[in-house]
Each structure stands twice: as C-alpha cells, then as structure tokens.
Amino acid sequence: IKYACNQCDYQFTQQSSLTVHIQSKHEGIKYACDHCHHQFTQQSNLNTHIQSKHEGVKYACNQCDQQFTQKGNLNTHIKKRH
C-alpha cells in the first residue's frame, strides 16, 4: 500500500510518514529547540536533540569506553564491534 501526498509526487509506505511529510513540507510545522536555533520536523527528534546536546544524556557501551548520544547508535556499535 502506498500513501500518496496530494500536494506533490511523494509516496510513502506508512500513513504516519505521509502525515509528517505534509506537516513539515506543506504546512510548515517545525519543532523548535528552546536552547538553540535548531528546528525539527518531529517532536521525537527534538527530544533526542535536547537530551544529547543540552542535557548531556549519554549511552555508554558496557564492553568498552565508547559513549553515544543516541541509543540506536550504541546498539549499532555493539552489533558491529562486539
């Protein structure tokens, strides 16, 4: 199933992706960081930014000294290195 944008030629495999596309590209919805000039198209990306850049949240590898600002990056590291 494809979800087509009715304002341009983009198509998506998920309704949620189409919704984010319409909000960010056609409705101008942005989520702005209160601490700096960065803006994001999704609230979750803003939350990750604030945690990693402004609150110092780090995800540490339990097998070496590496630290990551995003949990997904830690998981990728563990799969590739350990």
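Buried means under 20% relative accessible area, exposed means over 50%, and partly exposed is in between, using a 1.4 Å probe and protein chains only. This is a predicted model, where local features need pLDDT of at least 70, side-chain atom pairs count only at pLDDT 80 or more, and totals for chains, interfaces and linings use all residues. Residues are numbered from 1 along each chain as its sequence is written, and side-chain values use heavy atoms, with hydrogens and water left out.

**Exercise 1.** Find the buried residues of α1 and say what covers them.

Step 1: Helices are DSSP runs of H or I with at least four residues, strands are E runs of at least two, and both are numbered from the N terminus. Helix α1 covers residues 15-26.
Step 2: Its buried residues are Leu18, His21, Ile22 and Ser24.
Step 3: The cover over them includes β1 (3-4) and β2 (11-12), with contact meaning heavy atoms within 4.5 Å.

**Exercise 2.** Compare the span of α1 with the expected one.

Step 1: The expected span is 1.5 Å times one less than the number of residues.
Step 2: With 12 residues, α1 reaches 16 Å from first C-alpha to last, close to the expected 16 Å.
Step 3: Now look past the helix end: Gly28 follows α1, with a positive phi near 70°.

**Exercise 3.** Decide whether His77 and Lys80 are buried or exposed.

Step 1: His77 has a relative accessible area of 10%, so His77 is buried.
Step 2: Lys80 has 68%, so Lys80 is exposed.
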